[in-house]
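Thank you all for coming. Please take a moment to look over the structure before I walk you through some parts of it.

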Amino acid sequence: MNVRLDRRAFLASSAAAATLPMPAIAQNKPIRIGLLTVKTGPLAQGGIQMEQGVTLFLKDRNNKIAGRPVELLIGDTGGNPAGTKTKAQELIERDQVDMIFGPLAAFELLAITDYVAAHKTPILSLAAAEDMSQRKPNPYFVRASGTSAQNMQPLADYAAKELKYKSVITISEDFAYGYEQMGGFQRVFEGAGGHVVKKLWPPLVTPDYTPYLAQLSGVDAVVQGFAGSNPLKFMKQYADAGVKLPVLGGGTAGDDALLKSFGDEAIGMISASAYTSDLDSPMNQHFVEGMVRDYGSTPGLYAAGLYINGLVAEAALEKLGGNTDDKDAVIKALRAVSLTDSPRGPFHFDHFGNVVGTVYIRRLERKTGKLVQTTIKSYPNTSQFWTFEEKWFLEQPVYSRDYPPLKS
Amino acid sequence: MNRAALAIALLLLATLPFWIGNSFYVNVATQMLIYAIFALGLNVLVGYAGLVTLGHAALFGVAAYAGATLINSGHGHIIVAIGACLATLAVAAIFAVLALRGTGLGFVMITVALGQIAWGIAYRWISLTNGDNGVSINARPAPFGLSLESAPALYWATLVVFLVAVVAMAIFVASPFGASLRGARDQPRRMTALGYNVWLIRFLAFLFSGFWSGVAGLLYLYYNQFVSPQTVALSASAEALLMVIAGGTGTLLGPIAGAILVIVMKDIASAYIERWNFVLGAIFVLIVVFMPEGLVPGVVRLCRRVIAARRPRAPMPVLGEESGE
Amino acid sequence: MNLWLILSINSVTLGGLLFLLSAGFSLIFGLMRIPNLTHGSMFMLGAYFGVTLIGWGFGFWLAALMAGLGVALFGGIVERFVLRRLVGNELAQVLVTLGLSFMVADVCLMQWGGDPISVDTPAGLVGSSKVFGMAFPTYRLAIIFIAVAIAAALWGMLDRTRLGAMIRAAVDDPAMARVVGIRVSHLFTFVFCLGAGLAGFAGVIGGPILSVYPGLDQDMLPLALVVVILGGSGSLLGSLVGSFVVGLLYNFGQAMFPELAYVVLFLPMLIVLVLRPRGLFGRAAP
């Protein structure tokens, strides 16, 4: 045990001791991290990967960060907002966790954000809902993965300036994540002189995309923003229907975790993501090796996101000497984290707790028999506001189904 | 004996926040009460009217959505409560008129279709329901100036509503209307011959059932401060039905026990049993196959048998006695 | 008007897949009077079996047949050891199938993990063919043929064999069928196996289009339900027509009224239930 107690941390811990009816020495007590994830039901795919990411991180650290042992408490939300609320209560009120990793889906996060803020529990989520770090910020919120549109804005820039596309049709699930992705794409693409001809919104559950595929023609490319298992289904049906237009995709649409499931139909897809498994950095190579060793598959956004959350928590807690008693100090330290090496490369946070980091444009290729992503351009230091002025950006309505409106 | 047990139960319920320890468990208890109210309401149809529905989550959800919309447009708690109940009753009336055209499985199927349409609207009519992301309310209302923000406060408020619901159910079951509803369940032709309007009896039962589902839905909104399409989904209806069937249809204690069982599985056991969904399904199957009358009557039957084997002349008095079975 | 033509052709191919899914559902519903809520699970289970068998090196078609047989066996176990105990209590049977569907979904998640698994289109049917001068996925056209072949086989079985006559008799009037010496309980087992097997087979056939993922069961069950309610339970013609109607509603509903996609699907089901409870082609009122 080598724990440095600086004066402020000591004061904070004794102040906490005065209000809490428990032993004051917090240092050899484990750090409690709550993980809100989905282990049952249709969303379990991403949820299981999240758990893998954080498990691998803790294994790499021998279950210790900042000199303190870590206790990981896992809550299975079932992919349901009410379940998320109950599990958040379990983690915060019963288990008194120091911080929460997760949840996965926007609607899960939106169901607990007020509650978590009221209990001053730092939450490191993957859910991409824009307003969580924009118009309705939560002061205890940290997001190292990014907003829905954060990948799409650079993608639009790339499509207009490098690929010289003039017109596209977008297609994405009919829910907020889809709207926000395509809204971001549209604003930047049209700003660069492009034209979004049509925006299609199949429901989340769409066994057959043909009614939509039949409408894809007369443009330079198709932009898809699907998530979960839908990209797989979509790309397959897309190829089967004989549509030949190039496909651009967002982070979940070309997620590296899907590489083992995709077939030749996905070759050539260009996607923008905050995480790419081909990133040549020591930390990422270590991470990918670990995932392949322990779980036998190339990691994607969800596993990487949780591994990165672990790094963020570690960096912050080391600054605090492992002291987690003052939640306000913890959140301040979390948001001050700036890493030069991580599985997603260098990043830091803006004053809303949202990540500013590199976005990678990748092309899906087959190399030595395996499907891989090859980075063709990177956009470093990409903020959720892209190149727009923050004040102006926040004055606009949040991206939605009808905003920005289509120009005819 | 019976009264003493009741008094002890009441005392335990009223003092629960003091002895249960952590506020997390107080919240779980609140959820149990909310779902018990929902299950009690559903039981009016499933148990006493013999009409199985798989669309009741829609009524629960309508109250929650209506409540959320009214709260967010700045209305006070009385208007919110009345508005949510009226909205629920209106939707329940529509459901009843359509569903009562069928009986047996026809009725079940119509409620499935209605429930799915309601879900489709909650999910896709984004300007009204905010779609997938659902509707949040910033704060719980403070009826009559009482803040419900703390866990115990909401628990007590829910407990009061729950007790009112139990008493209302007990009165309902014992009333002539309750008797005629059971008559319409068991002998619809004879009831018609006797001059009863079986359709009207069932219609009113549907409204009564819908009303309590709506009350539960409104409490759910206060509790979660949030409502989303999952609240209205088919699986939510199935879960509520599971509570009623597992606990015991047509009894007063059954739906309450069923609600407790399901919430314990979902909220507490799920932290220890990774495959809790499997276990929940298995419990359901086992109950239906081996205890078709439900947990409460089944356990009572077993206890009776055990006691009867030992002491033939002392049957155990139980609360579930006022069942119409 | 390419769009209309594509949508129309696709309605037919989707209808073919839906028919494979719902023919068994309809027979079970007609004979045993229960909407078998595990039917979506059977579809998903078949798809997963198929994935595993293909992984072991079996060909696509053989894997589809074997998966169908495997699911039929599973269906037989469910019928023989669970549903049989509840004969005469249709409600309990429905609820048991609901509970079982929870269990199957969780077992699949445990066994095959949460990642979606894609199924390769069988060799020879990859790519597209020209229909009315338009490219159309060959595999989808093949599904129409499979559906028609299965429909013909089922029709032959029901209409031309002794077994089929017994099933028809039991659908029309189970009590009378028993009186004339038909072992209705054996028919139940047979029909349940057949229905489950068809669903399992359909799961593999649907694989190249839908892929396999947790939640596939819940995606397919409502469609089967709508098909059977529209067509009428126990009627082969009903499920055939119902499948194509749902295929049309689905395709045109999604393309024309995306906001109301679900209403477009379930409203006709509601209308039929309310106005004509036995469905468009049902034999007897339930």
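This is a predicted model: local features need pLDDT of at least 70, side-chain atom pairs count only at pLDDT 80 or more; totals for chains, interfaces and linings use all residues.

Let me begin in chain A, with a pair of residues that you can find by number: A:Val222 has as its bridge partner A:Val247, which lies in S10(A). If you step back from that pair to the strands themselves, you will see that S9(A) is joined by three bridges to strand S10, residues 247-249 of chain A, and that the two run parallel. Between these strands the chain passes through helix H8, residues 230-240 of chain A, on its way from S9(A) to S10(A), and this β-α-β crossover is right-handed.

Let me now move to chain B, and to two of its helices. The axes of helix H2, residues 23-48, and helix H11, residues 234-247, both of chain B, come within 9 Å and cross at roughly 75°, which makes H2(B) roughly perpendicular to H11(B). Which residues of H2(B) and H11(B) meet there? From H2(B) they are B:Tyr35, B:Phe38, B:Ala39, B:Leu42, B:Asn43, B:Val46 and B:Gly47, and from H11(B) they are B:Ala240, B:Leu241, B:Met243 and B:Val244. Sorted by class, the residues of this contact between H2(B) and H11(B) are nine nonpolar and two polar, with no charged residue.

That leaves the contacts between chains. Where chain B meets chain C, the contact takes 29 residues from chain B and 34 from chain C. On the chain B side, helix H5 (105-124), H11 and helix H13 (276-290) each supply at least two residues, and the largest share, eleven residues, comes from H5(B). That side of chain B has 19 nonpolar, seven polar and three charged residues.

Chain C also touches chain A, in a contact that takes 30 residues from chain C and 26 residues from chain A. Among the elements of chain C that each supply at least two residues to this side are helix H4 (90-112) and strand S2 (134-137), while helix H1(C) gives the largest share, five residues. By class, this side of chain C has 17 nonpolar, nine polar and four charged residues.

Technical notes
Residues are numbered from 1 along each chain as its sequence is written. Chains are lettered from A and ligands numbered from 1 in the order in which they are written. Axes are lines fitted to C-alpha atoms, for helices over the stretch in contact, and angles run from 0 to 180 degrees between N-to-C directions. Helices (H or I, at least four residues) and strands (E, at least two) are DSSP runs, numbered from the N terminus. Angles under 35 degrees count as roughly parallel, over 145 as roughly antiparallel, 65 to 115 as roughly perpendicular and the rest as oblique. Two residues are in contact if their C-beta atoms, placed from the backbone, lie within 7 Å. Ala, Val, Leu, Ile, Met, Phe, Trp, Tyr, Cys and Pro count as nonpolar, Asp, Glu, Lys and Arg as charged, and the others, Gly among them, as polar. Two strands pair if DSSP finds at least two bridges between them. A crossover is right-handed if, with the strands pointing away from the viewer, the path from the first strand over the helix to the second runs clockwise.
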